[in-house]
Amino acid sequence: MPSGTVVTLTVSVSSASGAVTKGTVDFCDAAAKYCTDIHALGTAQLTSAGKAIMKFRPGIGSHSYKAVFAGTNASAGSSSSGSAIAVTGKYATTTSITLDGSPGNYILTANVAGVSNTPGTAAPTGSVSFLDTNNGNAVLGTAPVGSGTAGFDFFSSSTSTVKQEANAVAVADFNGDGIPDIAVSDSNSSQTLLAILLGKGDGTFTPVSTSPTVGLYPDSIAVADYNGDGIPDLAVTSVDDNLVTVLLGVGDGTFTSAPQLSTVSTPQSVATGDFNGDGVPRGSQRRFDLALPRSGRWHIYRGTREPCHRNEHDCGNDRRLQQ
């Protein structure tokens with residue numbers, strides 16, 4: 001397939017009794033011994049259909065990917081065989097020009113930078129043409145590209161402006177196009193917003209016109225699938241309002257608000273995970289777990305379907321949390 005193509009990996013997990021609907025699946029480089037660091041593509045929550053889906057754009061070269069089901073208290077872990085993908089195309093380059101000298105003795109220098117995600121790939125070769133843009137792009141001359149020097153740099157970078165105090169940031173594919181997007185705190189006024197920036201795949205981003213509203217002074221953002229629909233959702237702390245706002249993803253980069261969770265004083269961090277081994281670390285069917293720090297300890301809020309009790313922190317719309 002050509003480079004830039006969005007690949008969809010779909011995994012089905014089942015047992016002797018049928019589809020497994022709780023738990024998470026890690027998508028990994030099948031050639032690596034461990035699914036960690038650069039060999040881990042991402043993690044997806046199983047849906048009510050027993051499937052986990054991940055979209056991404058692999059780099060040029062030959063790849064093999066596998067899925068690893070983490071397992072739960074009720075279901076043993078398992079892994080798939082590798083699935084091979086060959087991606088073809090040309091490696092991206094950028095060219096810049098500098099001018100030196102004086103009238104009658106100018107020197108033009110072109111710098112060509114190439115980007116590769118495959119070790120051992122040769123530096124860019126070929127020639128550079130210098131054009132007179134004020135004279136119909138007439139060719140002033142050509143020169144061969146010299147030997148390359150390996151290094152590390154950011155390619156095709158951009159700066160997206162937010163209003164003020166960008167304290168927290170999270171990355172996920174919020175509109176399902178296989179390109180990473182960004183959620184970042186955008187203000188800390190009477191109406192506190194999150195800026196949702198949709199990735200274009202070239203290192204630049206487009207802001208969503210509608211920004212979700214959260215509590216004052218958002219200081220931490222967690223990403224998870226809290227309602228089991230396969231779309232990333234957000235949990236955002238509010239230091240000044242002492243609450244966590246849960247935002248359910250629609251799938252197009254916008255969000256709807258779920259009932260807010262009243263928490264301990266000044267919640268500065270939030271984490272989500274499967275803290276009780278029920279296979280719902282990122283939420284499914286209105287069940288999810290959250291952890292927030294307080295006085296040197298972590299307070300755990302466990303998702304449950306049980307009837308609402310006084311010691312639960314949120315009973316609205318059948319989304320209940322217990323400490």
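Reply: What follows begins with the patch and then turns to neighbouring topics.

This is a predicted model, in which local features need pLDDT of at least 70 and side-chain atom pairs count only at pLDDT 80 or more, whereas totals for chains, interfaces and linings use all residues. Residues are numbered from 1 along each chain as its sequence is written, and side-chain values use heavy atoms, with hydrogens and water left out.

The nonpolar surface patch covers about 540 Å² and is made by Ile 97, Leu 99, Tyr 106, Leu 108 and Leu 140. The areas come from the Shrake-Rupley method with a 1.4 Å probe, and for residues only the protein chains shown count as cover. Strand E10 (93-102) and strand E11 (105-114) each supply at least two residues of the patch, while Leu 140 belongs to strand E13 (residues 138-144); strands are DSSP runs of at least two residues, numbered from the N terminus. Leu 140 counts as exposed because its relative accessibility is 57%, the classes being buried under 20%, exposed over 50% and partly exposed in between.

In the loop between strand E12 (127-132) and E13 lies Asn 137, a residue other than glycine whose phi is positive, near 60°. Its relative accessibility is 44%, so Asn 137 counts as partly exposed. Asp 37 also has a positive phi, of about 55°, although it is not a glycine; Asp 37 is placed in the loop between strand E4 (24-29) and strand E5 (40-45), and counts as exposed because its relative accessibility is 68%. Most residues other than glycine have a negative phi.

As to confidence, the chain has a mean pLDDT of 78, with 77% of its residues reaching 70 or more, where pLDDT is the predictor's confidence in each residue, from 0 to 100. Over residues 281-288 the pLDDT stays under 50, and the model has 48 contacts for them beyond four places in sequence, a contact meaning heavy atoms within 4.5 Å. Residues 304-323 likewise have pLDDT below 50, with 54 contacts in the model beyond near neighbours in sequence. Where pLDDT is low, the predicted coordinates should not be read in detail.

Notes:
Patch = residues over 30% accessible without salt bridge, like charges linked within 9 Å, V, L, I, M, F, W, Y side chains within 5 Å. Salt bridge = Lys/Arg side-chain N within 4 Å of Asp/Glu carboxyl O. Helix = DSSP H or I, 4+ residues; strand = E, 2+ residues; numbered from the N terminus. Buried < 20%, exposed > 50% of the residue type's maximum accessible area, 1.4 Å probe, protein only.
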